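Please view the sequence and the model together, then read the notes below.

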Amino acid sequence: MQEKKKKELQVAAIENGTAIDHIPPEQLFKVAQLIGLNRMDNLITIGNNLKSKKMGRKGMIKIADKFFEEDEINRIALVAPNVVLNIIHDYEVTDKKRISLPRELVDTVKCNNPRCITNNEPMQTRFLVLDKDLGTVKCHYCERKTNKEDIVIK
């Protein structure tokens, strides 16, 4: 008789909160920095290089009693598009969202053009997302295009 393989959670379950799943392993600590994990008092569990059927390896962050606002989700999407947010209530996933860049980013990205009005006047930045896969954005005011690797997040 064949023994049943014990299935064990690689990252501990949380009662209420959010799990950010399918983070590319090389982006895990960048995501952690962007969402300010070092300033949170919540229970936080981080796993990296976990086995993944879809990706081979993945990162995951679970944060107890934390539910993200849209601007926080957009920041995550800038560095790790296509991650999955699992909203958890009473140890059950109640909502699953695959995040991606929106059509427009407001007050999330800093313009790289030193002459842009947003760098010389107190005002919000606005960027149109030209390519969600490549992460290319264009400033609404000076029309400078910026690629994902050159984006400065506010």
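Ile 20 touches Ile 35, Gly 59, Met 60, Ile 61, Phe 68, Ile 76, Val 83, Val 84 and Leu 85, leaving aside residues up to four places away in sequence; contact means heavy atoms within 4.5 Å. The model is predicted, so local features need pLDDT of at least 70 and side-chain atom pairs pLDDT 80 or more, while totals for chains, interfaces and linings use all residues. Residues are numbered from 1 along each chain as its sequence is written, and side-chain values use heavy atoms, without hydrogens and water.

**Nonpolar core**
- The largest nonpolar core has 30 residues, and Ile 20, Ile 23, Val 31, Ile 35 and Ile 61 have the most contacts inside it.
- Such a core is a set of buried Ala, Val, Leu, Ile, Met, Phe, Trp, Tyr and Cys residues joined through side-chain atoms within 4.5 Å; buried means under 20% relative accessible area, with a 1.4 Å probe and protein chains only.
- Helix 2 gives the largest share of this core, five residues; helices are DSSP runs of H or I with at least four residues, strands are E runs of at least two, and both are numbered from the N terminus.

**Strand 1 and its partners**
- In strand 1, seven of its seven residues are buried.
- Strand 1 pairs with strand 3 in the antiparallel sense over five bridges, where pairing requires at least two DSSP bridges.
- Thr 18 stands opposite Ile 63 in strand 3.
- Strand 1 and strand 4 (residues 84-89) also run antiparallel, joined by five bridges, and Val 84 in strand 4 is the bridge partner of Asp 21.

Terms used
Buried means under 20% relative accessible area, exposed over 50%, partly exposed in between (1.4 Å probe, protein chains only).
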